[in-house]
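Here is a short tour for anyone who likes to look at a model before working with it. Please open the view and keep it beside the text.

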Amino acid sequence: MLEEIKEKLKAEFGLDSEGYDTNMLLVVCEKNRLRDVVKFLKSNGFNYPHTVSVVDYTPKGEGFQVNYILENVLDKKFVMVRVNLPEDDLTVPTVSDIFPPLQPHEREAWEMFGVEFIGNPRLEVMILPEWAEGWFPLRKSYDFKKHRKPSKEKK
Amino acid sequence: MGNSISMAGYTFVVEEKKEISGEDLGLLQEKLLQLNWGVQHPASGPMRLKVWVDGDEVVKVDPDIGYVLRLLEKLVEYRTWINAIVNVERACFIDNFGTMTGYSIAAEKIAGVKVPKKADYVRTILCEGGRIVSHLIGLGSFIGVLGVHTPMQWALIAREKFLDAFEVYSGQRIATASIIPGGVRYEPTGKFIEKMVTAVDFLEKEFIPRYGEVFIDNPTLKLRSRGIGVVSREKAIDLGLAGPALRASGVASDMRKDYPYAAYGELDFRVVTKEEGDAYARYLVIWEELIESAKIIRQAIEGLPEGEWRTKFPVKVPPGEAYVNVEWARGCFGFHLVSDGGTGPYRLKMRAPSFANLWAMPEMMKNVKLADVPVIFASLYMCHGDIDR
């Protein structure tokens with residue numbers, strides 16, 4: 001099943017994919033082809049999206065990584081689609097119209113990391129309080145101490 | 001001042017005028033109102049639903065969450081590999097074993113550590129204990145939102161027995177911190193097994209027959225929850241529902257069966273599915289899973305092997321990453337764990353099933369009656385700690 005998808009991805013997009021785990025395939029693609037790849041995967045049975053997971057590699061000088069995790073609930077297989085973003089251009093086209101359940105996941109990734117999903121209808125703060133918009137607390141550069149409330153003794 | 005509605009603590013915001021065939025039908029039917037369901041509502045928990053109603057009919061629902069945000073994904077980055085379990089288990093403390101198991105399996109995958117067989121069995125016993133504890137609260141609170149609070153009390157009595165077993169095992173009743181990368185933290189003593197058997201005995205011999213007689217085949221409950229919030233099979237996948245809600249729509253997705261972890265591959269159990277996809281089907285899925293879990297615990301106790309219950313887990317883990325799913329009480333919980341070769345996780349993304357269910361809810365609540373909002377909400381079986389993390 002995964003071998004088949006692997007060959008199809010190679011034939012359709014010329015993308016190399018590798019085994020991530022048993023039952024899981026990893027596809028690294030450019031962001032301008034992301035929507036096509038995701039659409040292709042959806043039409044091939046990967047119709048249950050799990051999440052959007054962003055990893056901040058800026059301390060290592062590698063920018064950000066956006067991972068889309070999709071599952072095929074009938075054949076019990078996973079695909080992870082990975083997009084690498086440079087630090088100075090944190091934009092990626094949305095897939096929330098292809099997979100509506102991913103819309104809140106993109107929204108969360110935006111408020112926690114500042115990755116802008118172009119075309120997402122609702123990029124507003126969700127879990128954070130309104131006054132914390134733009135703090136991007138899950139970035140590695142976020143400084144906990146700077147935002148800590150001073151304790152009573154130290155005043 | 002004389003308005004009884006505002007005195008009861010509700011706020012109405014007039015949203016927009018709506019013409020209804022030129023007739024003056026009074027304030028409630030003339031305008032779209034925004035109603036706040038929560039934060040202090042007894043059934044909502046620490047979250048708010050903004051409900052726009054047209055008379056008695058719900059037009060739109062928008063959840064307002066974030067009241068229990070602890071930023072666990074960030075806190076984990078400041079911990080060592082073993083310490084991180086205290087943050088992971090607090091995703092939702094009711095079933096804390098499932099989340100700890102998932103995190104531990106992910107960490108073991110990156111480190112290449114193989115867990116002893118006994119640890120796998122103890123994990124299975126604890127995970128199923130956690131599932132029972134969580135499902136008992138789920139059953140109780142489902143009828144609780146309909147206004148009957150007796151079942152919750154019955155469920156809590158059965159739950160206490162399991163908490164006693166957890167206490168004997170780890171010293172804690174709720175946040176046990178008992179499953180770590182490399183195995184489980186404590187030896188499963190005879191006393192723990194004894195307590196667990198007592199709890200399962202009570203559940204199977206006292207709770208299940210009595211509760212099943214009164215609150216399962218209950219005509220009033222059926223009247224109230226059948227045909228409410230119906231989701232078809234295709235729609236359930238489209239909406240991205242998770243866990244019992246997905247299985248109640250006929251999709252047999254259960255991580256324990258699909259991608260066996262711990263000792264589930266060696267045990268015999270059934271994936272509960274229902275075809276109806278309404279609130280009552282979701283309630284029945286929780287109920288039947290409870291019965292299945294009791295059977296799994298009995299099998300796991302019977303097959304508990306001898307030997308070590310933990311192995312050494314390295315202080316520094318080589319760079320790598322893993323995505324692991326476990327079937328948690330409320331659905332499949334995903335852990336995307338990244339290591340950069342340090343002494344703790346570099347990044348942990350938790351994919352929470354309640355978060356998925358929550359954002360599927362506004363679609364399910366379109367054009368239902370206002371009185372059905374709590375029924376659908378409770379049938380989706382969500383945990384707030386898990387939504388906000």
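**Chain A**

Keep in mind that this is a predicted model. Chain A holds three helices and seven strands, and starting at the N terminus their order is α-β-β-α-β-β-β-β-α-β. The C-alpha trace of chain A covers about 65 × 30 × 25 Å along its principal axes. Of its 155 residues, 37% count as buried. If you take the contacts in chain A with a separation of 6 or more, 52% of them join residues 24 or more positions apart.

**Where the chains touch**

The contact between the chains draws 23 residues from chain A and 25 residues from chain B. On the chain A side, β3 (48-56) and β4 (64-72) each give at least two residues. Which element supplies the largest share of that side? It is β3(A), with six residues. The side of chain A that touches chain B is made up of 15 nonpolar, six polar and two charged residues.

**A bent helix in chain B**

Now turn to helix α8 of chain B, residues 190-216, which bends by about 40° at B:F207. A proline, B:P209, follows within four residues of that point. B:F207 is also among the buried residues of α8(B), as are B:F192, B:K195, B:M196, B:A199, B:V200, B:L203, B:Y211 and B:F215. In general, residues three or four places apart on an α-helix point the same way, because there are 3.6 residues a turn. The buried residues of α8(B) pack against α6 (117-145), α7 (150-170), α9 (219-225) and α13 (279-302) of chain B.

**Two of those partners, paired**

How do α6(B) and α13(B) pack together, and at what angle? The angle is about 155°, and the axes lie 9 Å apart. That angle makes α6(B) roughly antiparallel to α13(B). Their crossing is left-handed.

The table lists some of the residues that make this contact.

| Helix | Residues in the contact, among them |
|---|---|
| α6(B) | B:Y121, B:I125, B:E128, B:I132, B:H135, B:L139 and B:F142 |
| α13(B) | B:Y283, B:I286, B:W287, B:L290, B:S293, B:I297 and B:I301 |

Glycines take part as well, including B:G129 and B:G138 of α6(B). By class, the residues of the contact of α6(B) with α13(B) comprise 14 nonpolar, five polar and three charged.

Notes: Residues are numbered from 1 along each chain as its sequence is written. Chains are lettered from A and ligands numbered from 1 in the order in which they are written. This is a predicted model: local features need pLDDT of at least 70, side-chain atom pairs count only at pLDDT 80 or more; totals for chains, interfaces and linings use all residues. Two residues are in contact if their C-beta atoms, placed from the backbone, lie within 7 Å. Ala, Val, Leu, Ile, Met, Phe, Trp, Tyr, Cys and Pro count as nonpolar, Asp, Glu, Lys and Arg as charged, and the others, Gly among them, as polar. The bend at a residue is the angle between axes fitted to the seven residues ending there and the seven starting there. A residue is buried if 20 or more other C-beta atoms lie within 10 Å of its own, exposed if 12 or fewer, and partly exposed in between; C-beta atoms are placed from the backbone. Axes are lines fitted to C-alpha atoms, for helices over the stretch in contact, and angles run from 0 to 180 degrees between N-to-C directions. Angles under 35 degrees count as roughly parallel, over 145 as roughly antiparallel, 65 to 115 as roughly perpendicular and the rest as oblique. A crossing is left-handed if the near helix is turned anticlockwise from the far one by less than a right angle, and right-handed if clockwise.
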